[in-house]
Amino acid sequence: FCPNAESNPYPSINPASGDGELSIERIPAVQKTRSTPLKGLAQIQLSIEMKNESGRDSQLVSEVDSDISEKLRSIGLEVIPFDVNSRLPNLHVTGAYLKDSNSLLCMAGVKLWQNVQLERNPNIKYNTVTWNRQSKNFSARTKFALNDKVFEHIDLFISDWTCANPRILPH
């Protein structure tokens, strides 16, 4: 099931007439599928950043790293370890929590960073977020709820990637 099959959920930036301002509009997927940043994506880097009140939570990073990598590989994506000097797209997974009296205050997010260029001027290139899901300020009893929210966002990414890259099934 592809929830965004009717229209492209990703904005297309088009020059407005006259004064050089930009307008953002949604374009039907059948009209302009190449604007979908997930279409044709075959390799990604994976970077994971999990923090608690005292800094990096290495245990939480190791708990989710292999599971996320395995999920991404299962749909056909080649997962490459993060290298700051690489120009490959980067799926950046974040999670953070602070202990409150009886619960945790959490945030979780998944962003896809890609190098892009303007169609009207290919010399203008930059690295930007092309896919994003965030959950901020939610309360949980355990770190498992944070993991669940991270995986909920990963599942949305996988769903969107699968819609943009349908497999041809054997007969």
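Student: Buried means under 20% relative accessible area, exposed over 50%, and partly exposed in between (1.4 Å probe, protein chains only). Which of these is Lys71?

Tutor: Lys71 is partly exposed, because its relative accessibility is 29%. Before going on: this is a predicted model, where local features need pLDDT of at least 70 and side-chain atom pairs count only at pLDDT 80 or more, while totals for chains, interfaces and linings use all residues. Residues are numbered from 1 along each chain as its sequence is written, and side-chain values use heavy atoms, leaving out hydrogens and water.

Student: OK. What does Lys71 form a salt bridge with?

Tutor: Asp155, with the closest N and O atoms 2.4 Å apart. The rule for a salt bridge is a side-chain nitrogen of Lys or Arg within 4 Å of a carboxyl oxygen of Asp or Glu. The pair links distant parts of the chain, since Lys71 is in helix H1 and Asp155 in helix H2, 84 residues apart. Asp155 is also partly exposed, because its relative accessibility is 37%.

Student: How many salt bridges are there by this rule?

Tutor: Four. Among them, Lys51 pairs with Glu49 at 3.1 Å between the closest N and O atoms, and Glu152 pairs with Lys149 at 3.5 Å.

Student: How far apart are Glu152 and Lys149 along the helix?

Tutor: About one helical turn, because they are three residues apart in helix H2. Glu152 is partly exposed at 40% relative accessible area. In the other pair, Lys51 is partly exposed at 39% and Glu49 is partly exposed at 30%.

Student: You keep saying H1 and H2. What are those labels?

Tutor: They are DSSP runs numbered from the N terminus: helices (H or I) have at least four residues, strands (E) at least two. H1 covers residues 58-74 and H2 covers 143-164.

Student: Which residues of H1 are buried?

Tutor: Leu60, Val61, Val64, Ile68, Ser69 and Leu72. Their cover includes E3, strand E4 (55-56), strand E5 (78-81), E6 and H2. Just after H1, Gly76 has a positive phi of about 105 degrees.

Student: On to the core. Which residues touch the most other members of the largest one?

Tutor: Ile68, Leu72, Leu91 and Phe157, out of 33 residues. A nonpolar core here is a set of buried Ala, Val, Leu, Ile, Met, Phe, Trp, Tyr and Cys residues joined through side-chain atoms within 4.5 Å.

Student: And which element gives the most to this core?

Tutor: H2, with eight residues. The elements giving two or more residues include strand E3 (43-52), strand E6 (90-99), strand E7 (104-117) and strand E8 (125-140).

Student: What does Leu91 touch?

Tutor: Leaving out residues up to four places away in sequence, its contacts (heavy atoms within 4.5 Å) include Ile44, Leu46, Leu72, Val110, Leu112, Ile154 and Phe157.

Student: Next, the strands. How do E6 and E7 pair?

Tutor: In the antiparallel sense, over 10 bridges; two strands pair if DSSP finds at least two bridges between them. A hairpin of four residues joins E6 to E7, and Thr94 has Gly109 in E7 as its bridge partner. E7 also pairs with E8, again antiparallel, over 13 bridges. There, Val110 has Arg133 in E8 as its partner.
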